[in-house]
Amino acid sequence: MNSTWKKLKLALGFNMCLYTPPNPPDSLPSMPSRFSDAAAPSNLLSQASFISDCHPPTTPTSSSSGLRLSKSSTRSSKRTCAICLTAMKPGKGHAIFTAECSHSFHFHCITSNVKHGNQICPICRAKWKEIPLQSPASDLPNGMMRFNQIDWSRDDSWMTVLRRVRPTPIDAPRPIASQSHGPEPDLFDDDEVLDHQPVIPDEGTPFVDAVDSSIGTIEVKTYPEVSAVARSAVHDNFTVLVHIKASLTSQSQRCRETPIPFPPSRSSRAPVDLVTVLDISGSMAGTKLALLKRAMGFVIQNLGPSDRLSVISFSSTARRVFSLRRMTESGQQQALQAINSLVSNGGTNIVDGLKKGTKVLLDRKWKNPVCSIMLLSDGQDTYTFGMGSSRSETDYLSLLPVAIRRNSNTALQIPVHSFGFGTDHDATAMHAISEISGGTFSFVEAEATIQDAFAQCIGGLLSVVVQELQVRIECVHPSLQLGSLKAGNYRSNIDADSRIGTINVGDLYAEEERDFLVTINVPYGDSIDEMSLLKVKCAYRKPIANEAVTLEDIEEVKIKRPNAIGEQSVSIEVDRQRNRIHALESMAKARVVAERGDLANAVSILESCYRAVSETISGQAGDHLCTALCAELKEMKERMENRRIYEASGRAYVLSGLSSHSWQRATARGDSTHNTSLVQAYQTPSMVDMLTRSQTMIVGNPTPRPQRTLRPTMTFPARTRQR
């Protein structure tokens, strides 16, 4: 009887249904591996196999044991679905599909992936000859799937698990796959409702309430270039540094903080509405698209349930492939499936992608306190103007949505953080888009670093603690007038009588700093011993508590006016920021000269600045910012060695540096995201932590391993380790 039953199972194909014990004796611990390390095993299975959560066979057969994956497969890919990034455990009610390249996925995940026309393994990029396909008619019990081999007779009432993929003729036109099952709505007002549930503090976090009004404070310090000016002297272009830092908590709270583990508490930051606008043109095929999907997987994993994400893809046209949804567990899984369904084809229409991404944020019914767009492209916008057509930067910017223009006086400000992917992108256009919107431009030269570039960006976006910051600077002494405000890209204004100046700063990340140089003309001191120069005031909003704050009790800037003074050294804080402004202006000037074709003169400008910065007080003292500036100036000189190098990478590198120093915010360029790079400036603790998370992430496990403890000055509130 037993032999007859075995033969019957073999004839019906039931031997393809394999029972896997919860803890197989030959299992090995998962080896740490980043997503990019996943590769196809050397010995591929001759035919795809399928594992279902069914009852164990009473007698193991040689044919069923032969369906196990080769031991040369990556162990972590056998335990984790690379699409939804959750564990694949038999007995959990989910069927498991193993492809012919030996990589395994949840059956419902892979069928969702391939129904968009994707016939490539999300892990190793191998093109499948057989793909899973689910027929709507199926009378099989839950959890029981049938495996239809190619040479079996077909029965449409059964579930077809695999279908032979017909090879595409070499000369056949490449089809453009649809990224959605239906037409898009006229209004993108179908965004998921926000989480209005009160935030409960994590256990062991006694210092942060569910909505703590103390979260997000501004600290202001001022530094005159020298502490004294003789009474009988005047000092033209006297410089005062206004230093601003956005702290997560007040100084009294921080002194009680203890080291905290990842992840940070939800109550310590404002939730985000994030729209990613992704280039899926034909040039993104292969490795680029695979790396982009991996990077987006990291972004999705690190968004919280109160954050919302929407995905726009663009090639010749743009399409919303994922509506604005909360990143709950189910939202994350659906977002991952949408990302993995992307297929590269067509031209490049950046403008259409931005218009659609902006529309998502304009049409939404509900609004999180923070919103932003992340734009990635690897090529020229060939669709808007046509390949090879002449256009000016002004013409291009005039086509962009009004809502992303920072000075458009619209109520909603949408910064666009752009990422130039590879060496063929339009760096000038991508930089201009970020500049006009108040975002940053990153140059992702090494394609494998795209995840780190995204990690650094969201490390900032997920730590906004101050919004709508405006700095007001008033002259105190009646004879004083403001000469200039060195504010970089931030909009600044000096009133008609030169007595009051304002700087619109906007959002600040936790622990982020801003430095502004103010020049005044100091008059004679008459008979006074001390002169009051300036008074600084700040107004801003705390996004977590939605509370407006005005900070006026800031100490006035004063200098002494003795009869005579000896030799004085310039404040190292002022000297450091003078070097930054000098380097920024030199980079901008060198870029203009380089665009005219005079690379030798451009290199000379950078060399002169390099020597000047190196010889200053802060440069001689080994100041971190000055060291970074010198390393960057040297790198820029090398990238202007000849026209070919400048066109390939020099222009993008310089523009990314200009973006960073103008906004005083970290951007990715060269090796700047690596922890050993000298070109590191403006990185906040949350950015550094997110980068570390990216660079140590294990497949299917979003937390770094081994578990580490953060320093007390981290961006997020302290909490004790749970035992």
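The model contains 4 cavities of 30 Å³ or more. A cavity here is a set of points, on a 1 Å grid over the protein atoms alone, where a 1.4 Å probe fits but cannot get out; lining residues have an atom within 4 Å of a point. Grid points are joined across faces, edges and corners, and a volume is the space filled by probe spheres set on the points. Before going further, please keep in mind that this is a predicted model: local features need pLDDT of at least 70, side-chain atom pairs count only at pLDDT 80 or more, and totals for chains, interfaces and linings use all residues. Residues are numbered from 1 along each chain as its sequence is written, and side-chain values use heavy atoms, with hydrogens and water left out.

Ala, Val, Leu, Ile, Met, Phe, Trp, Tyr, Cys and Pro count as nonpolar, Asp, Glu, Lys and Arg as charged, and the others, Gly among them, as polar.

| Cavity | Volume | Lining by class |
|---|---|---|
| Largest cavity | about 80 Å³ | 6 nonpolar, 5 polar and 1 charged residues |
| Second largest cavity | about 50 Å³ | 3 nonpolar, 6 polar and 1 charged residues |

Around the largest cavity you will find His417, Phe419, Thr440, Ser442, Ala453, Gln456, Cys457, Tyr509, Arg665, Ala666, Thr667 and Met687. Helix 11 is the biggest contributor to this lining, with 3 residues; strand 12 (416-421) is another element that supplies at least two. Helices (H or I, at least four residues) and strands (E, at least two) are DSSP runs, numbered from the N terminus.

Buried means under 20% relative accessible area, exposed over 50%, and partly exposed in between (1.4 Å probe, protein chains only). Helix 17 (residues 685-695) is mostly covered, with 8 of its 11 residues buried.

A nonpolar core is a set of buried Ala, Val, Leu, Ile, Met, Phe, Trp, Tyr and Cys residues joined through side-chain atoms within 4.5 Å. The largest such core has 104 residues, and Leu309, Leu354, Leu375, Leu376, Phe454 and Met640 touch the most other members. Helix 6 gives the most to this core, with 8 residues. A second, separate core of 40 residues includes Val471, Leu482, Val536 and Ile559. As background, nonpolar side chains in soluble globular proteins tend to be buried together.

What does Phe454 touch, not counting residues up to four places away in sequence? The partners are Leu292, Ala295, Met296, Val299, Met374, Leu376 and Phe419, where contact means heavy atoms within 4.5 Å.

Ser492 lies in strand 16 (residues 491-494) and counts as partly exposed because its relative accessibility is 33%. Its contacts beyond four places in sequence are Leu485, Ala487, Thr502 and Ile503. Ser498 is found in the loop between strand 16 and strand 17; at 19% relative accessibility, Ser498 counts as buried. With neighbours within four places set aside, Ser498 is in contact with Cys475, Gln481 and Leu482.

Most residues other than glycine have a negative phi. Ser498, however, has a positive phi near 60°, and Asn237 has a positive phi of about 55°. Asn237 sits in strand 7 (residues 235-247).

Finally, the chain as a whole. It has 17 helices and 21 strands, and 54% of its 723 residues count as buried. The mean pLDDT, the predictor's confidence in each residue from 0 to 100, is 77, and 68% of residues reach 70 or more. Over residues 134-180 pLDDT stays under 50, and over residues 699-723 it is also below 50.

Terms used. 1 Å grid on protein atoms, 1.4 Å probe; cavity = no way out; pocket = protein on both sides within 12 Å on 5 of 7 lines; lining within 4 Å.
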